[in-house]
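Open the model in your viewer and keep the selection tool ready. We will go from ring pairs to a helix, then step back to the whole chain.

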Amino acid sequence: MFQYKGLKKAIVAGMVLALSASLCEAEIPVDRSIQPVQLSVNTKYYWDGDKDGDLLWSSKTLVSVVGSEKGKGISGLQDSLWQYCKDVNKKHKDIREGILDAAKQEKALRKEYQPYVFYPFEHCTDVYIRRADTVATSLLEFSHTYEGGVHGMYGVRGRNFDSRSGKELSLTDVFTDTNVLIGAIEAQLRRDYPKATFMEEGSTLMEDMVSRMVLDEVISWSLDPCGATFYFNPYVIGCYAEGIFNATILYDDYPGLFKEKYASMPASYCMELYPYLPVRTGFADGSSTVVEVGGTDSGVRVVAGGQTLVDSGFKGEARPVLVSLADGRRYLYVDAVEEGEQFERTRVYDISNGAPVTVPFKNWLSRRENVPANYKRANFDKNKKMEKNFYIMSDPDDFFMTAFNEETGETYKEVFKIGADGIPEQLIR
């Protein structure tokens, strides 16, 4: 058995090397007929409590197509997203009721001891759009749950759809060889995380888990514009402190690994990034880079080309999107909350030459849709339902933003494109 297992690994490794070796000979597959699909993400927040205070903080996140998108042939996707939202509503209702009951019981037990401390339970979600075009749409679901104890649990899950049929894609729909896929994921994890605990001598945890999760089709993955990324949540192949591991397999890494239908990237693309997680991505000219964006106490932290930029004055949660243009320009559009404010404002960073550079502009713009008029004076009651809606960039030449008129104090919605210097430029129609 040991000899067979070793032989099998050697064969798979040889196949992986053979496919990888063709990288220098293969051109990046670019399909200029792929059209973007405009989506929006809507997160609704809830606060449940009693006369003594909060018991549960929760949220649910819905995804929908903006407009009819007629002529793009994506009625299948629209139907699937409608069902997706229906399922999310039911799931949130069930989870909310269950965790709220548990919170009440936990608080009652703690009240028996004086003084007592009770921290509200949590179940929070979000969705990042990894890809949205007429070939495929990929959602990366995030959830965090806290039900007492030292820390909560969080993780991500990919949901991938064929945009025309609406079918949710399996690994076998996209990849040609399961064994080569396993070898490719393992090889990328070793390259990206040489100091991880799964690299300790004698450990086979990573190899065993990757193989089992791929074969059982329980691995979390997203179909990106330039390949696919596989995610391993805390405790799957490492300790909690190591966080989420991910491995990106680009089209040009293994040209024969992706089935033809899903083996081409758009000439230009937008891809949302999960904050704090380094992600490898590729471009039409054959180059690739690792990008990471997150919010810190010092400001928005942007990593690209091996260089780090901290944009001070912007704190809290960041919602980043990577933009790759057919002419070679690359930007990060990041929505984050400016210090002293309540609503996200868009910041732009140029990574065309590798290292991130801030692109300054004066206008107040945001990809968040539900910014109220006179937003600087707006307050919200946390005991009421709250919503956070974002227009998700998919087309660099046509995307929605919320603008603010300094003279009137009013906000308004307009359509923009990325200008020559990376600054959002309003479209005149």
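**Aromatic pairs**

A search of the whole structure turns up 17 aromatic pairs. Rings of Phe, Tyr and Trp (its six-membered ring) pair if their centres lie within 6.5 Å; planes under 30 degrees apart count as stacked, over 60 as edge-to-face and the rest as tilted.

Select Phe-175 and Phe-230. Their ring centres are 5.9 Å apart and their planes meet at 45°, so this pair is tilted. The pair links distant parts of the chain, 55 residues apart. Phe-175 sits in the loop between α3 (171-174) and α4 (178-192), and Phe-230 in strand β7 (residues 227-232). Helices (H or I, at least four residues) and strands (E, at least two) are DSSP runs, numbered from the N terminus. Buried means under 20% relative accessible area, exposed over 50%, partly exposed in between (1.4 Å probe, protein chains only).

Next, select Trp-364 and Phe-404. Here the centres are 6.3 Å apart and the planes stand at 70°, so the pair is edge-to-face. This pair also links distant parts of the chain, 40 residues apart. Find Trp-364 in the loop between β17 (357-359) and β18 (365-366), and Phe-404 in strand β20 (residues 399-404). Trp-364 is buried, as is Phe-404.

**Helix α5**

Select residues 205-215, which make up α5. Which residues of this helix are buried? They are Met-206, Glu-207, Met-209, Val-210, Met-213 and Val-214. An α-helix has 3.6 residues a turn, so residues three or four places apart point the same way. After α5 comes Glu-217, with a positive phi near 55°.

**The whole chain**

Zoom out and colour by secondary structure. The protein chain has five helices and 22 strands. Its radius of gyration is 23 Å, close to the 22 Å that the globule rule gives for 429 residues, so the chain is as compact as a globular protein of that length. That radius is taken over C-alpha atoms; the rule is 2.2 Å times the number of residues to the power 0.38. Along its principal axes, the C-alpha trace spans about 65 × 65 × 40 Å. Of the 429 residues, 51% count as buried.

**Before you leave**

This is a predicted model: local features need pLDDT of at least 70, side-chain atom pairs count only at pLDDT 80 or more, and totals for chains, interfaces and linings use all residues. Residues are numbered from 1 along each chain as its sequence is written, and side-chain values use heavy atoms, with hydrogens and water left out.
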